[in-house]
Amino acid sequence: MHCVLKPLLLQSHPLLAEEKIRRRSLGGLTVNVSEQVMQPLPVVPFQDEAAPPPSVAPTLESKPLQARDPEEDLLCIAKTFSYLRESGWYWGSITASEAKQQLQKTPEGTFLVRDSTHPSYLFTLSVKTNRGPTNVRIEYADSKFRLDSNCLSKPRILAFPDVVSLIQHYVLSCTVESKSEAPYPAPLPPLQKEMVASAVHLKLIRPLGRKDGAPSLQHLCRLQINRSTEETEQLPLPKRMKDYLKLYPFRL
């Protein structure tokens with residue numbers, strides 16, 4: 001069983017179908033049971049992000065957009081940029097082709113965050129999957145970040161106040177699911193096994209640090225403290241050190 005980002009694969013109902021499986025009950029009767037199985041995803045070549053379609057002029061029936069405080073958006077985006085710069089795995093304005101080159105020889109689950117080349121998005125997650133490197137855009141709306149998805153599954157996609165919180169959530173989710181897997185999982189029916197094998201499994205396991213500089217010893221110590229406790233305010237540390245921990249309150 002593979003750890004899969006559920007919002008992208010498991011919760012998008014176009015990928016699910018009902019399979020009629022014949023099972024024999026204890027009484028010797030044969031019954032039909034419907035089960036949801038994963039449909040295979042089409043193999044799409046790794047390519048640069050496409051330009052957005054031409055904008056359509058609003059009509060009289062269009063609903064007016066709610067007024068938002070631009071300062072709130074600026075503060076949210078500035079905080080995200082600050083966290084990403086501290087992370088060591090934010091690669092800035094590299095292209096999709098350059099991200100593919102960096103991830104090509106890495107293990108499955110290796111990822112990085114970069115600036116999106118699509119004008120409607122700020123960031124893109126580039127990750128090595130079982131089919132090779134791929135891109136997932138990160139959407140920003142209402143001072144929240146979420147992974148881009150189709151309209152049907154969008155309401156079920158979790159949103160986060162910054163990109164590092166988003167990435168950390170899915171990394172920890174994959175870690176928990178991997179530990180909870182049975183050592184000897186039950187065998188799947190041939191059809192379902194074939195579908196699982198042909199699907200694109202999106203796992204986030206380890207970030208790919210930038211090549212132009214190793215993380216500082218201070219940052220490595222901060223990561224270790226964050227992994228040990230979430231109550232950093234309760235630690236017997238000087239205020240200056242606590243302030244340094246607040247600059248990057250994450251485990252990645």
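Helices and strands here are DSSP runs, numbered from the N terminus. All views show a predicted model.

**View 1. Asp162 sits in the loop between strand E6 and helix H3.** Helix H3 covers residues 163-180. Is Asp162 buried or exposed? Asp162 is buried. Even so, Asp162 has no salt bridge. The nearest side chain of opposite charge belongs to Lys79, 4.7 Å away. What does the side chain of Asp162 reach? The side chain of Asp162 reaches the backbone nitrogen of Val164, at 3.2 Å.

**View 2. Strands E4 and E5 run antiparallel.** E4 spans residues 123-129, and E5 spans residues 132-141. How many bridges join E4 to E5? There are 7. Look for Lys128, which stands opposite Pro133 in E5. The turn from E4 to E5 is a hairpin, with 2 residues making the link.

**View 3. Strand E5 also pairs with strand E6.** E6 is made of residues 144-147. The pairing of E5 and E6 is antiparallel and has 4 bridges. Which residue in E6 is the bridge partner of Ile138? The partner is Leu147. The hairpin of E5 and E6 has 2 residues between the strands. In this hairpin, Asp142 takes a positive phi near 55°.

**View 4. Five aromatic residues form one cluster.** The members are Phe81, Tyr90, Phe123, Tyr140 and Phe145. The model has a count of 9 aromatic pairs. Phe81 and Tyr90 form one of them, with ring centres 6.2 Å apart. Tyr90 is buried, because its relative accessible area is 11%.

**View 5. Arginines lie over the faces of aromatic rings.** Arg210 lies over the face of Trp91. The distance from Arg210 to the ring centre of Trp91 is 5.8 Å. Which residue lies over the face of Tyr244? That residue is Arg222, at 4.0 Å from the ring centre.

Key
Residues numbered from 1 in each chain as written. Predicted model: local features only at pLDDT ≥ 70, side-chain atom pairs only at ≥ 80, totals over all residues. Heavy atoms only, no water. Phe/Tyr/Trp six-rings, centres within 6.5 Å; stacked < 30°, edge-to-face > 60°. Buried < 20%, exposed > 50% of the residue type's maximum accessible area, 1.4 Å probe, protein only. Lys NZ or Arg CZ within 6 Å of the ring centre and 35° of its normal. Pairing = 2+ DSSP bridges. Lys, Arg positive; Asp, Glu negative; His and termini not counted. Salt bridge = Lys/Arg side-chain N within 4 Å of Asp/Glu carboxyl O. Polar contact = N/O pair within 3.5 Å; in protein donor to acceptor, adjacent residues only side chain to side chain.
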